[in-house]
Structure formats: C-alpha cells, structure tokens
Amino acid sequence: MQFHHYGYVSGDPRVQPASGEGLDRPEVLPDDVDVLIVGTGPAGMIMAAQLAQFPHIRTRIIERRAGRLEIGHADGIQARSVETFQAFGFADRITAEAYRITEMAFWKPDPKQPEHIIRTARTPDDPEGISEFPHLIVNQARVLDYLAESAANGPARIRPDFGIEFKGLEVEEQGDYPVRVSLRHVAGPDEGRERTVRAKYVVGCDGARSGVRSAIGCTLAGDQANHAWGVMDVLARTDFPDIRTKCAIQSHSGGSILLIPREGGHLFRMYVDLGEVPADGSSAVRNTPIEQIIARANEILTPYTLDVRNVAWHSVYEVGHRLTDRFDDVDNPDSGRLPRVFITGDACHTHSAKAGQGMNVSMQDGFNLGWKLAYVLSGCSPASLLSTYSAERQVVAKNLIDFDRQWSTMMARRPEEFEDPSELEEFYTRTIEFPAGFMTEYAPSLITHADDHQALATGFPIGKRFKSARVSRVCDGNPLQLGHQARADGRWRLYVFADAATAEADSTTRRLAEWLTHASDSPLKAVLSGGAWVDWFDVKVIYQQRHEDIAIGEVPSVFTPEVGPFQLVDLENVYGVTPDEDIFDVRGIDRAGALVVARPDQYVANVLPLTAIDELAAFFNPILTR
C-alpha cells in the first residue's frame, strides 16, 4: 500500500485524501447528479466503492431502508469475490472474521439401516488449487459494511442517502441530465416528501422486485421449479458430528439439507427440503412455520438430533430461475441509441441460493459497470463503452442460471434417483471452477481482443480474470503475488513480461518502453481528463532474472514513473522471478516476452508480442478519447 506520496500520513492509510466532490459533499441529495445508484445491495455498494475513486464525478446512492442492513440473506463469498476484495483493500480483514470452507462432506442413507444417514465422502473445496484465495462464509451485512467503508474512505467520500424510495423515472432525449427520477422520503425528517432528481445515468441495484427494472420495461422471464426450501440461521445443540463442515445431506425419506457453517464458531445455516409445491399451494408453503422447518430438519438428520436454541433469521422460498433479456434501457439495439439506465444483480437475474452465487455475481455486475461509467463521464471513453455492460453480463447470468438449475435439481433428488451413488460429489468437484467465480470469459468486443497471440501467455486467457502468480519485487526483494498489487482504482494495467535481456541492455522491452513514453500514438499519450498518464494506467515490468540481478537504476522510466505532487519516483512496479516459482513457467509466458493488458475490473483484455506497438495502439484507439 502506497500512501506517503501526497505527504506524511499519520492516521489510517486506508482513508485517502478527499478531493473534488469529496471536499464539500452536500449532506442533502442534490437536484442534479452524474450517477444515481438505487439500492445499497452488493452491486450498488461495490459500484459506489469504485466510483469513490473518481471525485470529479457526482455519485449518489439511495436506499429505502432507514439505515444499514443488519441481517443479510446471502452469505457465500467465492474466491473471485475475495480476490476482488483484495483490490478494494479489505480481503485480509474479512477473511479473518469469516468461516473458511476447506472441504464438503456428503451424507447419505446407511445401506444397513436406511432410515439413518452416514457420511459417505469428504471432498476438498479447491482440490486443484485454482485460487490462492479462500472460499468464505460471512454475512452479507458485513460485506456491505466493508464496501461502505471503502466508498466513504475514497476521495469522493460517497455515503448512502438512507430513507429514500425510488418511485419512477423518465428518459428524455435532450439536456445534460436526461434521466428524470421521482423519489419519496420514507424515513427521517423529510418523511412523506416527494421530489425529483435529474441524473446523467441511473443504475438499479434494487433487488428482485426492482422498480428501476419495471420503469425501463424489462421483465424477468423463466420458470419455477415448484420445489420449496426452508432456510434458517440458527444456534443449536446437536450431536451431528459435521455441524461445522459444509454438508450435502440426503435422507432415505427423500428430504435433503444443505448445511453451511457461519462465521463466529456457533451459527450455521440450513437449507431444508420442504418438498414439491402443488400448483395452487405456493402461499401455504411460504407460510411454513419455523417449528415445522426444524422438525423436518430433525427427520432428515436421523439418528442425530437438532435442538435449536435461537433463530437469527428464517424464510421459505421456491427455487426459480429468471433472467431479463437486457440489462439496460435500450430495447432496440438497432436504433443506435446508447443506454442511460442499467440494472444489476437480482434486478436482472434470480436463482436459488444454494449455489452461493447471487451476491458474488451481483458484485461483479457492479464492478463491471462502475469503471465504464467513470471513463465515459470523465470524457476518457466514448459512450459506446457502456453498451458492453449488458452484452457481457447477460451471458454470465445465463451461464449461472444454467449451472444453478442443474445443481438445485440434483440437491432435490432422492438418493435412489442417481445412476451413480457418487454423482453429486463428483459434480461438485468437476465444476468447482464455476462456483469459485473463475469461469467468466468475456467474448471479443470493444474492450476484449481476439486471441490472436494467446500462445504467448497461455496462463492468461483473454476474456478471463488476470490470474495471479508469485514474483519478487526488485526494490526491496519482497516476494509478492503480482495480481494482488492491482488496486480497484479504475486504471488499465499493462504487464510487460520482459524478453531475456537484462534491464540495462538494448532489448525489445526497452524499445517498447521508449515507444510507450514518447510515441504520439502511445495510449499513455492520450489526454485523459487533464490528468497524468499514471492516473489512468499502471505499467509494470516482470524480468526473467531474479531481483538481485536487476539494476533498478537502469530500468526504463515508464516502469519507475514520477507520482504525486512531489514527483516522487515509484520503484514498486519492477519485478523479477522467484527462485521456487518462475512466473514465466507457471503462466506459460513465451521467453521472447509478452505484453498482457488487463482491464480495470481485472479481466485480461489483450495479449501481444512486445514488438506489436501498432496493434496496441489500434486496440486502445477506439477505447480512449484523445
């Protein structure tokens, strides 16, 4: 973490210096805003945290509740989300308080005594080591707290406006603030007051009953599985031996339980199978009392018992899989009209909770859109950039629903309905990359190139997230994860994997550095919102030598830029290989070198030879407004 380059910091370094809108942020919601976020759920709060890095953009986030969420309904945090939290600066802290999933136990009827269940398998949660980050369980409310802290500590000092309800919107063709939004105060001193706010862009992060979705004419389409589940967060005494292990439990009676231990050492969540729902019986199932859910859980757990002492929260739901046909307000792609209103998370895709994907995918929706809004509003990119949001994220949501439909269907089956008794655990192991959050692969677009040169860096697939590996920082010899050095600051990243020459030698790496620094068509020469290139690009070099063999004084200046008001030299972007884990071998990087371009949301956008300066310029030309 760097924080002294603006002057000595004696307090919490996570609190960045306020600037722009953050210097005199009005307490009262203004009449005109650049971005109005509706809803403080995971997608809304991660977008606020991202936009807090752009203090020249007036961003406000409204929430119908009178204050912070106290009990969240989601709890599963996939490794990709923890990776994202690392970029926002709180992965270590949330990991310390969370429950960490290391394995999953499978329980089935005892062949000798079928009315009893026995453990039949233990499956490692990440047997292939696909991520250095853990799979966590922590209450959604705490995730929102950390994101709220990040937003409040950013230069723009974004904090939610609580007690304000969205009523409707209209998009006009003219004006600087073409979206007219109707609101009503439902809490606080202005309760009952209605007002209108104008915005350049509106983002609906307002859940499955989204008012923003309705206002732009989108509807959720899909199916109900007609199968009900009771879910409860409880404190209990039990003799069930795996109460602190994630479990899939299938009983002889046909009932199933998905058991999720919670943070804190005692709390756990149970998804309890309530059976098929008659065509006209939905309302009756939804009114299933907690006592009946607990009794059903005890029946499934036989011969073990569950004595519930406290219920923190419970609910009943039917599995449903629904998706909107678009994630923005452009109902005719051929019209040439560009989007002004967007929807995220449950507002555009709903599914069961048992795959643990809802909060995670919603956050990636917000992360995907946040930086794009920032670039367009900063004048750095054309408004056409915003059309990539719906195109990219709808495919991800469709894949999620397909996966969840298969997983939730398998969880509801009777044991005798499986052709192979180990089918459930084998499916869990075989598909682990999906629930871990690493299957997303964006198709070629304005911001994701085709894989013409993928062979130069096979371990960084274009369209997938930048997968970290260990390197050694030259200036201090520290072994680090390369991917962990990327903050959620909205910058593009150029990872220059050097050719075999040393830093002081004439080489393709040095020639690329000279072009980046001086050429008129270099992306670093684009005039971006009046700032220096280091405000929009993070350029790193990874040499093939060990750190002690690299003369940092000979490294080209583009890798050691001047930063901050005192123009201090940043030495932390120069790396060598570690002796026990050569990143060139681990990530399949050609020894002639390669350039890996990563988007601000950490997805690989391009892989190029070090000599392909024309292709690099051509890639960025339509993205950056010079």
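Of the 119 residues in the largest nonpolar core of this predicted model, Trp492, Phe559 and Phe620 touch the most other members. Helix α8 (residues 358-377) supplies the largest share of this core, with nine residues. Apart from this core lies another, of 27 residues, which includes Phe106, Ala248, Leu258 and Met410. In soluble globular proteins, nonpolar side chains tend to be buried together.

**Overall architecture**

- The protein chain contains 13 helices and 27 strands.
- Its radius of gyration is 26 Å, close to the 25 Å that the globule rule gives for 626 residues, so the chain is as compact as a globular protein of that length.
- The C-alpha trace spans about 75 × 60 × 50 Å along its principal axes.
- Of the 626 residues, 57% count as buried.
- Among contacts with a separation of 6 or more, 73% are between residues 24 or more positions apart.

- Leaving out residues up to four places away in sequence, Phe620 touches Trp492, Leu494, Pro523, Phe537 and Val597.
- In helix α11 (residues 508-518), the buried residues are Thr508, Thr509, Leu512, Ala513, Trp515 and Leu516.
- Viewed down the axis of α11, these buried residues fall within an arc of 160°, so they line one face of the helix.
- An α-helix has 3.6 residues a turn, so residues three or four places apart point the same way.
- The packing partners of the buried residues of α11 are β21 (492-497), β22 (537-542) and α13 (613-620).

**Gln364 in helix α8**

- Gln364 belongs to helix α8 and, because its relative accessibility is 6%, counts as buried.
- Beyond its neighbours within four places in sequence, Gln364 is in contact with Arg80, Thr84, Arg393 and Tyr603.

**Arg60 in strand β2**

- Arg60 lies in strand β2 (residues 59-63), and its relative accessibility of 2% is the reason that Arg60 counts as buried.
- The side chains of Arg60 and Asp161 are joined by a polar contact of 2.9 Å.
- Setting aside neighbours within four places in sequence, the residues in contact with Arg60 include Arg25, Pro26, Glu27, Val28 and Leu29. Pro30, Val33, Val35, Leu36, Ile37 and Asp161 are also in contact with Arg60.

**Arg340 in a loop**

- Arg340 is located in the loop between β16 (306-323) and β17 (341-343).
- With a relative accessible area of 25%, Arg340 is partly exposed.
- A polar atom of the Arg340 side chain lies 3.0 Å from the backbone oxygen of Lys200.
- Not counting residues up to four places away in sequence, Arg340 touches Val171, Pro178, Val179, Lys200, Tyr201, Val202 and Asp329.
- Arg340 and Leu274 are 66 residues apart along the chain, and their C-alpha atoms are separated by 42 Å.

**A three-stranded sheet**

- Three strands form an open sheet in the order β3-β7-β4, with antiparallel pairing.
- Strands β3 (76-77) and β4 (99-101) are the edge strands, each pairing on one side only.
- Strand β4 is joined by three bridges to strand β7 (residues 135-137), and the two run antiparallel.
- Within this pairing, Ile101 stands opposite His135 in β7.
- Strands of a sheet pair through backbone hydrogen bonds, either parallel or antiparallel.

Methods
Residues numbered from 1 in each chain as written. Predicted model: local features only at pLDDT ≥ 70, side-chain atom pairs only at ≥ 80, totals over all residues. Heavy atoms only, no water. Helix = DSSP H or I, 4+ residues; strand = E, 2+ residues; numbered from the N terminus. Buried < 20%, exposed > 50% of the residue type's maximum accessible area, 1.4 Å probe, protein only. Polar contact = N/O pair within 3.5 Å; in protein donor to acceptor, adjacent residues only side chain to side chain. Contact = heavy atoms within 4.5 Å. Core = buried A, V, L, I, M, F, W, Y, C linked by side-chain atoms within 4.5 Å. Pairing = 2+ DSSP bridges. Arc of directions from axis to C-beta. Rg over C-alpha atoms; globule rule 2.2 N^0.38 Å.
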